[in-house]
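Hi,

Here is the structure I promised to pass on to you. Have a look at it first, and then read my notes below.

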Amino acid sequence: MNPAISEADVCLLQEPIVGAFGLPADLPFVSIKGDPSLRETVPLRPRQNSRLDRVAGEVLATCATLLRETGIYAIYVGFNSSEVRTESIFNPFAYEVHDAEDLLKPGYAARHFVPVPYAEKMRSIAWMRGIVQTGPLRHYLPPSWQQLMDEARTQATPLPPERIDEIVHSLDVLRAIDGYYLRNAAISLSEGLVRASYNCDGTYIVRADYFPEFVRLNTP
């Protein structure tokens, strides 16, 4: 970003946990602490395998395929609820909710998810973002927002598709941890972020390209 940005712009970039321009530039991840009673009662809430856990490897592999090969640009996996929530470039202001086991049924994914090349999907995300930020709504933006959005848009680097399998495999690793394990996770290609919440009070929001390294450094 421009080194001459104002103090107000610094606040705009630094104050939110994740703001309109993503994580603060100097942070590869942030952690959020929630209700401390959740951590205190973890020993009283032993893990029970969900329906998703029984087929987790297949479901996560399907999620990786959706992110690489279809119009899906964001995906949420609820390990406890066996819920998979998806967002697509073909209907970007809505999300769909799927039962995790349904994703494995013959023909289900082909009916619900439209194939599109990964590079084309990422170009479409950039194009749609540009249409909104430079179109009729632009005059509502303060000048500083216009500048920051223009810089963020032109400097954005899409996540390489080969990293997706590494990220999804890392979710499997986190789910298998004894004691403090993954409860739900979300991957967003449009924001370049992974959000991981645990059975205690902890949530981590991590830059997607750093996420496999983050998991490697923070797991046994």
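At 0% relative accessibility, valine 206 counts as buried. Buried means under 20% relative accessible area, exposed means over 50%, and partly exposed is what falls in between, with a 1.4 Å probe and protein chains only. Leaving out neighbours within four places in sequence, valine 206 is in contact with Leu23, Pro28, Phe29, Gly192, Leu193, Val194, Phe211 and Phe214; contact means heavy atoms within 4.5 Å. Tyrosine 118 is 88 residues from valine 206 along the chain, and their C-alpha atoms are separated by 22 Å.

Before you go further, a word on where this comes from. It is a predicted model, in which local features need pLDDT of at least 70 and side-chain atom pairs count only at pLDDT 80 or more, while totals for chains, interfaces and linings use all residues. Residues are numbered from 1 along each chain as its sequence is written, and side-chain values use heavy atoms, with hydrogens and water left out.

Now the whole chain. There are 9 helices and 7 strands in the chain. The radius of gyration is 19 Å, close to the 17 Å that the globule rule gives for 220 residues, so the chain is as compact as a globular protein of that length. That radius is taken over C-alpha atoms, and the rule is 2.2 Å times the number of residues to the power 0.38. Along the principal axes, the C-alpha atoms fill a box of roughly 50 × 45 × 25 Å. Of the 220 residues, 40% count as buried. Among contacts with a separation of 6 or more, 58% come from residues 24 or more positions apart.

Next, the aromatic rings. Rings of Phe, Tyr and Trp (its six-membered ring) pair if their centres lie within 6.5 Å; planes under 30 degrees apart count as stacked, over 60 as edge-to-face and the rest as tilted. By this rule the count comes to 7 aromatic pairs. In one of them, phenylalanine 21 and tryptophan 145 have ring centres 5.5 Å apart and planes at 55 degrees, so the pair is tilted. This pair links distant parts of the chain, 124 residues apart: phenylalanine 21 is in the loop between helix H1 (7-14) and strand S1 (29-33), and tryptophan 145 is in helix H7 (residues 143-155). Phenylalanine 21 is buried at 18% relative accessibility, whereas tryptophan 145 is partly exposed at 26%.

Phenylalanine 29 and tyrosine 204 form another pair, with centres 6.2 Å apart and planes at 55 degrees, so this one is tilted as well. Phenylalanine 29 lies in strand S1 and tyrosine 204 in strand S7 (residues 202-207), so the pair ties together parts that are 175 residues apart in sequence. Phenylalanine 29 counts as partly exposed at 30% relative accessibility, and tyrosine 204 counts as partly exposed at 23%. Both belong to an aromatic cluster formed by Phe29, Tyr198, Tyr204, Tyr210, Phe211 and Phe214.

Which residue has a positive phi although it is not a glycine? That is serine 82, with a phi of about 55 degrees. Most residues other than glycine have a negative phi. Serine 82 is in the loop between strand S2 (72-78) and strand S3 (83-88), and it is buried at 4% relative accessibility.

Asparagine 184 is in strand S5 (residues 182-188) and is buried, with a relative accessible area of 7%. Not counting residues up to four places away in sequence, asparagine 184 touches Tyr76, Val77, Gly78, Phe79, Arg195, Ala196 and Ser197.

Back in helix H1 you will find glutamine 14, which is partly exposed with a relative accessible area of 40%. With residues up to four places away left out, glutamine 14 touches Pro24 and Asp26. Finally, leucine 148 lies in helix H7 and is buried at 0% relative accessibility. The C-alpha atoms of leucine 148 and serine 6 are separated by 11 Å, and these residues are 142 apart along the chain.

Cheers

Key: Helix = DSSP H or I, 4+ residues; strand = E, 2+ residues; numbered from the N terminus.
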